[in-house]
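Have a look at this one with me.

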Amino acid sequence: MTTMIGGSDRETELARLGRWSDWAPAITRAEYTARIEAARTRMIDAGADAMVVNVGPSMRYFTGLAWSPTERLVALVIPRSGTPRVICPVFERGSLDAELQIEAEYVLWEEEEDAVALECRAHGPATCLALDPLLSFGHARRFMALVGSTIDAGAIIDGGRMLKSPQELALLQQAKTMTLEVHKAAARILAPGIRASEVIRFIDDAHRTLGTSGSYFCAVQFGHATAYPHGLPYDQELEENQLVLIDTGCRVEGYHSDITRTYAFGKVSALEAETWELEKAAQAAAFAAVRPGVPCEEVDAAARDVIAAAGLGPDYALPGLPHRTGHGIGLAIHEPAYLVRGDTTPLQPGMCFSNEPMIVHPERFGVRLEDHFHVTETGAAWFTEPQTALERPFA
């Protein structure tokens, strides 16, 4: 059965969705603790006495705290042994208590105090401190001034975050399955004259109807606007015989979806149809190149080779593929590793990536098909099945 393009109304489609009934379990306290212990081992192997993790996706990975960075220092300190510490303003302690999923001590600071100095005075300056690369320059500079030496904690942190556990895979699967259902509903409300902003609002409402906090992001592009990977800064009206490109996602327990579909609203040109088929082939080639041990950059090369063989490109030249083939995904929508030339990270089971080798004809149109996969022991497995045809976006 195919999903109809156009002809339905918002209320009917929202009612059809309803609240999601099959929720994946949240990450357990035991898993958070295991993540800290695994990171501690990597930290010691790197020669660090302690590690500072900035608030944001990485701190959420270790503690369950779903906060975003601000100018005030909130951070996790993981020492070689003993209880982890959380640096935070005094007035925020109650809010942190409500979210933290680990046992931790607090280093509390008042508004006029130097939080970094308090941590170092209370626990002694580490001989070697691993610093989260996403720590602000100002806070990193203060740590550098008060400790013997510092190293980059990126590999220590990413060494855990890149390899998803079965529980993480289940949360990612739910987010992506939900967003695919929203995509289907969005296709059914399309009509001549509908504005991109109307579709964006519907997609946000649809994600909320399913039980999420709404769309994490949403891009809706019609016709020539599809030639710009992130769209144009004005509202469009859909016309007959245009390409439609919709890229959107949500979060489930912090884990992201990010799915793009490009399809025909009516009849499109022969070049647009040929480009869609080439995009499909490039996406399939990238997927087929995946197996444990293969460097990430080889997946990018596989997609690019298909596009170059058709006379486009090469490299980033247009018409062709203007950006990397894919990105890691998890608690951040874009995170290491990356399917791009120069990233030689070997693929390992549990890694998760987007697969989106977009093809752009400048100022005319672009086609992007984006689905995500996770690396298995033998190759790759899709979270969502790719689009099957230009006129049938959802089988």
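**A strand covered on both faces**

Strand β17 is covered on both of its faces: D371, F373 and V375 are buried on one side, and H372 and H374 are buried on the other. This is a predicted model, by the way. In a regular strand, side chains alternate between the two faces of the sheet. For β17, which runs over residues 371-375, that leaves five of its five residues buried.

Now for its partners. β17 pairs with β14 in the antiparallel sense, over four bridges, and D371 is the bridge partner of N355. β17 is also joined to strand β18 (residues 380-382) by three bridges, again antiparallel. There, F373 has W382 as its bridge partner. With four residues between them, β17 and β18 make a hairpin.

β14 turns up again around helix α11: along with α10, β13 and β15, it is included in what covers the helix's buried residues. Those buried residues are C296, V299, D300, A302, A303, R304 and I307.

On to the cores. The largest nonpolar core has 67 residues, and M51, F62 and V199 touch the most other members. Helix α8 (residues 166-189) gives this core its largest share, 11 residues. A second, separate core of 22 residues includes F287, V290, V299 and V375. Back in sequence, M51's contacts beyond its neighbours within four places include A39, F62, L76 and I157.

Technical notes
Residues numbered from 1 in each chain as written. Predicted model: local features only at pLDDT ≥ 70, side-chain atom pairs only at ≥ 80, totals over all residues. Heavy atoms only, no water. Buried < 20%, exposed > 50% of the residue type's maximum accessible area, 1.4 Å probe, protein only. Helix = DSSP H or I, 4+ residues; strand = E, 2+ residues; numbered from the N terminus. Contact = heavy atoms within 4.5 Å. Core = buried A, V, L, I, M, F, W, Y, C linked by side-chain atoms within 4.5 Å. Pairing = 2+ DSSP bridges.
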